Amino acid sequence: MAFWDSLRQNRAAQFDSGSAASNAIELTRRRPTVSLTKQGAVSGNLRVNLSWKMRTSDFDGRPRQSGRLLRHPLKFFQPEPVQAHTRAVANVDLDIGCLYELADGSKGVVQPLGGYLGDLNDPPYVKLSGDDRFGSPSGETIFVNLDHRDDIRRLLFFVYIYDQTPAFDRTHAKMTLYPGNGPRVEIELDERAPEARSCAVFLLENVKGELLVRREVKFVYGFQGELDRMYGWGMQWGRGFKADAS
């Protein structure tokens, strides 16, 4: 009984505060916000990375080995992951995107779909590094130039599944913020929404000069237009397509 009590305590501590040893802050339902200003992370480039993996049991149906669980009881709580670029999950194409609103009122989107890659040194001061269609370990990354933080009103970072079967219920996706200074910030897409196609992950807002990051993790069954309506961006949307991968 003491073993399980200890396990619960350890899991709760990680849930509340993240892992200090790994220099990370985990945003959760109980701890949804963090101030980049108070962390001293208000200059340079903020790197926002999307990565994901899938559970092998979702595809091959292989039973777990009871002997292995007896030797390593903590493995019971850990699904067996495979990298998202393996053959089993090649049909899953997660994309990162960002809705932006600048201080002058201009609005738009940075995303792979439509080739809206943004710009780092000119408005919107947000740039997508590229489109990863095969789930490489490095994932997809958006950069934000925080030297222009006074020009930014709010940024909504989101994830969507492009033109494939919804699989958020089987996708262990994570968005990680890497400021130029201070600990990284991690947000797990740990809710289960099997039919969802998009998810608003976090909102970065400039509130009276303070940069605040707020966890959202809100799944919707549509695409960017539905996220737009949820957060009141007021943009016009049409169906877009990607060019064929070479």
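Is E216 buried or exposed? At 8% relative accessibility, E216 is buried, where buried stands for under 20% relative accessible area, exposed for over 50%, and partly exposed for what lies in between (1.4 Å probe, protein chains only). The model is predicted, so local features need pLDDT of at least 70 and side-chain atom pairs count only at pLDDT 80 or more, while totals for chains, interfaces and linings use all residues. Residues are numbered from 1 along each chain as its sequence is written, and side-chain values use heavy atoms, with hydrogens and water left out.

E216 takes part in salt bridges, a term for a side-chain nitrogen of Lys or Arg within 4 Å of a carboxyl oxygen of Asp or Glu. One joins E216 to R214 at 2.6 Å, N to O. Another joins E216 to K218 at 3.4 Å, N to O. Both partners are partly exposed: R214 has a relative accessible area of 32%, and K218 has 39%. Together with E205, these residues form a network of salt bridges.

In the whole structure, the search finds 7 salt bridges. One of them connects the side chains of R154 and E101, again at 2.6 Å from N to O. This pair links distant parts of the chain, since R154 belongs to strand 10 (residues 152-161) and E101 to strand 5 (residues 94-102), 53 residues apart. Strands here are DSSP runs of E with at least two residues, and helices are runs of H or I with at least four, numbered from the N terminus. R154 counts as buried at 14% relative accessibility, and E101 does at 8%.

R154 also lies over the face of W233, 3.7 Å from the ring centre. A charge is taken to sit over a ring if NZ of Lys or CZ of Arg is within 6 Å of the ring centre and within 35 degrees of the ring normal. The charged end of R47 is placed in this way over the ring of Y178, at 4.0 Å from its centre.

Aromatic rings also meet one another. Rings of Phe, Tyr and Trp (its six-membered ring) pair if their centres lie within 6.5 Å; planes under 30 degrees apart are stacked, over 60 edge-to-face, and the rest tilted. The count is 2 aromatic pairs. F157 and F202 are stacked because their ring centres are 4.6 Å apart and their planes stand at 10°. F157 lies in strand 10 and F202 in strand 13 (residues 198-207), so this pair ties together parts 45 residues apart in sequence. Both F157 and F202 are buried. F158 and Y160 form a tilted pair, with 5.9 Å from centre to centre and 35° between the planes. Both F158 and Y160 are buried.
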